[in-house]
Amino acid sequence: MRHDHLLSAGQLTREDIEAVLDRAADLADDPGAVGERHADRLLALCFFEPSTRTKMSFDTAMKRIGGDTVDMGSVESSSVKKGESLADTVRVIEGYADGIVLRHPSEGAAKLASQFVDVPVINAGDGAGQHPSQTLLDLYTMRERAGLDDLTVGIMGDLKYGRTVHSLASALTNFDARMHFISPESLRLPRGVRFDLHDAGARLREHTDLDEVLEELDVLYVTRIQRERFPDENEYQQVAGEYQIDADTLERARDDLTVMHPLPRVDEIAPDVDATDHAAYFAQAHNGVPVRMALLDGLLGEDAATDGGDAR
């Protein structure tokens with residue numbers, strides 16, 4: 001992959017994706033293959049929102065390729081609490097590190113940050129916008145389990161605010177994939193996302209009931225319905241109950257169905273699914289390390305090019 005930054009899944013071509021996934025597979029087989037190439041490199045972890053998997057896997061990945069990390073810490077303990085702008089924050093951090101991983105509650109924050117620094121910026125989630133490194137590990141997991149072409153994918157849950165959904169759907173337009181989006185009417189894909197997918201030639205259908213498509217699916221990608229988006233608790237409970245799956249639900253699915261989830265889950269996947277052959281979400285989380293190793297190796301490599309880059 002030859003970019004300055006990773007800001008959205010939309011900037012990735014099929015060639016980019018396959019290059020990262022192939023490299024990740026090599027590193028999964030031989031984690032020491034990178035050696036000490038990045039021994040003098042530091043990666044800044046700037047998380048303005050809570051994170052477990054993304055933050056820890058970037059930290060682990062950077063150390064696995066020979067480098068190290070510096071952590072901005074919580075917003076409450078940083079100069080952001082004093083009113084410092086994002087632009088000033090990243091300008092300062094650029095002087096400490098060779099790359100920045102940024103999670104921020106505002107959509108477009110990573111793109112904004114990239115305009116003020118000369119080190120690579122990786123978008124680790126910007127509000128309801130994008131989460132491209134999550135998408136790369138999602139695609140890696142899909143490829144390991146089901147392949148990426150001639151694939152039927154169901155994406156269920158919060159499609160309106162789910163940044164993992166927006167990124168994944170965009171990236172899947174690079175492959176021969178049929179997409180089924182399952183959600184309550186109130187949490188359908190945003191109009192702009194649907195427009196972009198149609199413009200990219202995506203084959204997609206929208207549903208309110210999983211049963212309409214369950215038997216067709218190779219992959220079911222489940223996301224959490226966010227309780228905080230509902231003004232009425234009873235309304236949330238009614239809708240959330242309709243978008244839960246358990247082992248009984250999956251008896252109607254294909255034997256080789258892969259169930260994924262970006263985590264954390266609440267109650268949308270029952271624990272009894274964990275013991276089935278369908279469950280891939282913990283392996284999916286573990287895949288974040290080799291995928292982010294491959295991503296960092298490319299972005300921080302001395303031969304990284306600026307051609308074919310991002311929207312910077």
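How far apart do the C-alpha centres of domain 1 and domain 2 lie? They lie 25 Å apart. Before selecting anything, note that this is a predicted model, in which local features need pLDDT of at least 70, side-chain atom pairs count only at pLDDT 80 or more, and totals for chains, interfaces and linings use all residues. Residues are numbered from 1 along each chain as its sequence is written, and side-chain values use heavy atoms, with hydrogens and water left out.

**Stop 1: the two domains**

Colour 5-130 plus 287-300 as domain 1. Colour 133-285 as domain 2. These bounds come from an automatic or database domain assignment. Now show the contact between them: domain 1 gives 31 residues and domain 2 gives 25 residues. Contact means heavy atoms within 4.5 Å.

**Stop 2: the annotated positions**

Helices (H or I, at least four residues) and strands (E, at least two) are DSSP runs, numbered from the N terminus. Arg163 is buried, at 15% relative accessible area. Buried means under 20%, exposed over 50%, and partly exposed in between, with a 1.4 Å probe and protein chains only.

Show what surrounds Arg163. Beyond four places in sequence, its contacts include Glu49, Arg103, His104, Asp126 and His131. Draw the distance from the Arg163 side chain to that of Glu49: a polar contact of 3.2 Å. A polar contact is a pair of N or O atoms within 3.5 Å; within protein, one must be able to donate a hydrogen and the other to accept it, and residues adjacent in sequence count only if both atoms are side-chain atoms.

**Stop 3: Asp158**

Move to the loop between strand E5 (151-156) and H6, where Asp158 sits. Is Asp158 buried or exposed? Asp158 is buried, because its relative accessibility is 1%. A polar atom of its side chain lies 3.2 Å from the backbone nitrogen of Lys160. Outside four places in sequence, Asp158 touches Val165, Leu187, Thr223, Arg224, Ile225 and Gln226.

**Stop 4**

Pick Arg194 in helix H7 (residues 191-199). Arg194 is buried, at 18% relative accessibility. A polar atom of its side chain lies 2.5 Å from the backbone oxygen of Leu189.

Then pick Arg41, in the loop between helix H1 (14-29) and strand E1 (42-47). Its relative accessible area is 17%, so Arg41 is buried. The side chain has a polar atom 2.4 Å from the backbone oxygen of Leu300.

**Stop 4: Leu6**

Go to the segment before H1 and select Leu6. Its relative accessibility is 0%, so Leu6 counts as buried. Gly298 is 292 residues away along the chain, yet the two C-alpha atoms are 11 Å apart. Among the contacts of Leu6 outside four places in sequence are Val121, Ile122, Pro132, Leu136, Leu295 and Leu299.

**Stop 5: down helix H8**

Select H8 (residues 233-242). Its buried residues are Tyr236, Val239 and Ala240.

**Stop 6: backbone checks**

Most residues other than glycine have a negative phi, and most peptide bonds are trans. Select Leu263 and Pro264: a cis peptide bond joins them, with omega about 5°. Leu263 has a positive phi, near 60°, and is buried at 14% relative accessibility. Finish at Asp150, whose phi is near 50°. Asp150 is in the loop between helix H5 (132-145) and E5, and is exposed at 52% relative accessibility.
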